Amino acid sequence: MDTGATDHITGELEKLIVQDKYTGNEQVHAANGAGMEIGHIGHNILHSPNSSIHLNNVLHVPQASKSLISINRLACH
């Protein structure tokens, strides 16, 4: 989880239940300012023993080395 992340991000396409190809021009910017291309937008469900969390609009960024969950998006939705 990341308090500074503005979007949910994964570098692993297979983690997305829905995998819609991204056709826009926006990029994700890393802390160092480098831009990374968005490949797909999708959804995922995180399961725990007592509940499930639905993550909508997860960005597939092939260059991302770690998956990030945006605390801001979780709190607002």
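Where is the place of A30? I found A30 in the loop between β3 and β4 (35-37). Strands here are DSSP runs of E, at least two residues long, numbered from the N terminus.

**Ground rules.** I am working with a predicted model, where local features need pLDDT of at least 70, side-chain atom pairs count only at pLDDT 80 or more, and totals for chains, interfaces and linings use all residues. Residues are numbered from 1 along each chain as its sequence is written, and side-chain values use heavy atoms, with hydrogens and water left out.

**A30, continued.** A30 is partly exposed, at 27% relative accessibility. The scale I use calls a residue buried under 20% relative accessible area, exposed over 50%, and partly exposed in between, with a 1.4 Å probe and protein chains only. I also checked a distance from A30 to S51. They sit 21 residues apart along the chain, and their C-alpha atoms are separated by 31 Å.

**K21.** This lysine belongs to strand β2 (residues 18-21). Is K21 buried or exposed? K21 is exposed, because its relative accessible area is 60%. I listed its contacts, meaning heavy atoms within 4.5 Å. Neighbours within four places in sequence aside, K21 contacts G39 and H40. K21 and G39 are 18 residues apart in sequence, yet 6.2 Å apart in space, C-alpha to C-alpha.

**Y22 and the core.** I moved on to Y22. Beyond residues up to four places away in sequence, Y22 touches I38, G39, H40 and I41. Y22 is also part of the largest nonpolar core, which has 8 residues in all.

**T10.** I placed T10 in strand β1 (residues 9-10). T10 counts as buried, because its relative accessibility is 4%. Its contacts, leaving aside neighbours within four places in sequence, are K15, L16, V58, L59, H60, V61, A64 and S67.

**Salt bridge.** How many salt bridges does the structure hold? I found 1. The term means a side-chain nitrogen of Lys or Arg within 4 Å of a carboxyl oxygen of Asp or Glu. The pair is K15 and E12, at 3.3 Å, N to O. Side chains of opposite charge can pair when their charged atoms come close. K15 is partly exposed at 37%, and E12 is partly exposed at 35%.

**Largest pocket.** I noted a space of about 340 Å³ in the largest pocket. Of its 20 lining residues, I9, V28, H29, M36 and L68 are the closest to the centre. A pocket, on a 1 Å grid over the protein atoms alone, is an open set of points where a 1.4 Å probe fits, with protein on both sides within 12 Å along at least five of seven lines; lining residues have an atom within 4 Å of a point. Strand β3 (residues 27-29) gives the largest share of the lining, 3 residues.

**I45.** I put I45 in strand β5 (residues 40-47). I45 is partly exposed, at 27%. Apart from neighbours within four places in sequence, I45 contacts I17, S52, I53 and H54.

**N57.** Last, I checked a backbone angle. N57 has phi near 55°, a positive value in a residue other than glycine. N57 lies in strand β6 (residues 52-60).

Note on methods. Helices (H or I, at least four residues) and strands (E, at least two) are DSSP runs, numbered from the N terminus. A nonpolar core is a set of buried Ala, Val, Leu, Ile, Met, Phe, Trp, Tyr and Cys residues joined through side-chain atoms within 4.5 Å. Grid points are joined across faces, edges and corners, and a volume is the space filled by probe spheres set on the points.
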